[in-house]
Amino acid sequence: MNNFLDNVKKAYKIFLQVHKEKATGIAEFELKELENIFSLLILGGFVGMPSPPVPIAMELLPYMERELTIMLARSDTAQDPIGPLFGILDVD
Amino acid sequence: MKTNAFFLGKGGVGKTTTSAAFALSLARSGKRVLIASLDPAHNLGDVLETTLGDQPKNVETHLDALEVDLNIWVQKYLEESRQELATTYSYDMALNLNSFFDIMKYAPGTEEYAVLWAIEHIRCNLSGNYDLVVYDTPPTALSLRFLAMPAISSLWVAELTKLRERILKKRQTITRLNSESPVASSCVDKDDDRVYGKLGSIKNRLGDLSNLFSLESYMAVVLNPDELSVSEALRIQEELDRIHIPLSALCLNKKGISTAPWNLNEKLSGYPVFEIDFVSSGLHGRNAVAGIDMTKLISDFTNHDTHRKGNL
């Protein structure tokens, strides 16, 4: 009986987590976009975009590992920008 | 009394001589003065008849002088950033980014920032030992760029700060809804976020420099009685006006050097003009420079706060 209850609890937890993931999926996508834009603004000078004076970018760069990783991952999917969003929305 | 005096102007009008004469007069009247040359083509040492370096050197009683070496400041800054990067980033990332550092010294804006770092260093670490600091500046183009840099950079920093706040707010929302999200492991509070903290510290530093230029400094433009230097003085006045740095005075150097007609533009007529006569036999030695009559300019500098308050 205890085993059964444990399994029900586990199943409920998984069910809850799945819905939490779904609820925050879009927000996480938006967050990554914002972080990507932040990185592009800082490092835009390297690809010909307007950017703050280089020394400001240099001061921020040491603390931007997460944002840079996201920007690099984003550049991998640059040819299919809508794809990840459709993936979150379960659109085939 | 202001605690800093900047002498600006076209190349060759006599900024170094005027600023040295001003500093010498004040020092000989008992004020503790530091004169700093920001011009990459230094000749302050020649005027003061001594060899100067990056550290203050006593020239005579109450007067110290230094020549800022911009290359040293660029190298120092890049080295600090490189070390910070190496300790913060994972190995492979640091290796890739490291390659950018060799070209950073040629990046636009770096030279202007080096001047700002040097001024910040003088303000924070040296100016406490003196009653005032006199700056002999580089020719107009570089001077206007470094004077404008705090204002321009502040706009960028303000926008980046706003974006960072949005990012942190979004991270907080996600973490609250789903504590097992990968986002939860990143910084969600302003106090913990190092990028936000760095933006705040840059903002404070730029604000201090902006205050130094606009509130604590006496800005004098040196010009000669010729049309070219008057045109350049006008451009300096317009640019200073645009970045909200008040022009304090005009120093008409080499008065009487030529009989060619010239006029002070009417837009410059509202500023006090201090005339320095042309010495046809030349100025030889520190005492000759110290002999230039700076009484009126010093009087205006000393009473400048009173003037401004009276005008308001």
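Predicted model: local features only at pLDDT ≥ 70, side-chain atom pairs only at ≥ 80, totals over all residues.
Chain B contains 12 helices and eight strands, and its C-alpha trace spans about 80 × 45 × 35 Å along the principal axes. Of the 312 residues in this chain, 40% are buried. When the contacts in chain B with a separation of 6 or more are considered, 73% of them are accounted for by residues 24 or more positions apart.

The eight strands of chain B form an open sheet with mixed pairing, and their order across it is β3-β4-β2-β5-β1-β6-β7-β8. At the edges stand β3 (57-60) and β8 (273-277) of chain B, each of which has a single partner strand, so one side of each is left without a neighbour in the sheet. From one strand to the next, the twist averages 25 degrees. Helix α1 (residues 15-28) of chain B lies across the strands of this sheet, among them β2 (33-37), β4 (63-67) and β5 (132-136), and runs at about 165 degrees to β5(B).

How do its side chains divide between the two directions? S217(B), M219(B), V221(B) and L223(B) point one way from β6(B), while Y218(B), A220(B) and V222(B) point the other way, and all of these residues are buried. On the side of β1, six bridges join β1 (residues 4-9) of chain B to β6 (residues 217-223) of chain B, and these two strands run parallel; within this pairing, N4(B) stands opposite S217(B). Strand β6(B) is also joined to β7(B), by four bridges and again in parallel, and here L223(B) stands opposite L252(B) of β7(B). Helix α9 (residues 227-242) of chain B belongs with these last two strands, as β6(B), α9 and β7(B) make a right-handed β-α-β unit.

In chain A, helix α1 (residues 2-43) packs with helix α3 (residues 65-76) at an angle of about 100 degrees, their axes lying 8 Å apart. An angle from 65 to 115 degrees counts as roughly perpendicular, and α1(A) and α3(A) are therefore roughly perpendicular to each other. To this contact α1(A) brings K32(A), E35(A), N36(A), F38(A), S39(A) and L40(A), whereas α3(A) brings E67(A), L68(A), I70(A), M71(A) and R74(A). By class, the residues of the contact of α1(A) with α3(A) divide into five nonpolar, two polar and four charged.

The contact between the two chains remains to be described. It takes 35 residues from chain B and 27 residues from chain A. On the side of chain B that touches chain A, the elements giving two or more residues are α3 (70-88), α6 (110-126), α7 (140-177) and α8 (194-214) of chain B. Which of these elements gives the most? That is α7(B), with 14 residues. Sorted by class, this side of chain B has 18 nonpolar, nine polar and eight charged residues.

Definitions and conventions
Residues numbered from 1 in each chain as written. Chains lettered and ligands numbered in written order. Contact = placed C-beta atoms within 7 Å. Nonpolar A, V, L, I, M, F, W, Y, C, P; charged D, E, K, R; others polar. Pairing = 2+ DSSP bridges. Axes fitted to C-alpha atoms, helices over the stretch in contact; angles between N-to-C directions. Buried ≥ 20, exposed ≤ 12 C-beta atoms within 10 Å, placed from the backbone. Right-handed = clockwise from strand over helix to strand, strands pointing away. Parallel < 35°, antiparallel > 145°, perpendicular 65-115°, else oblique.
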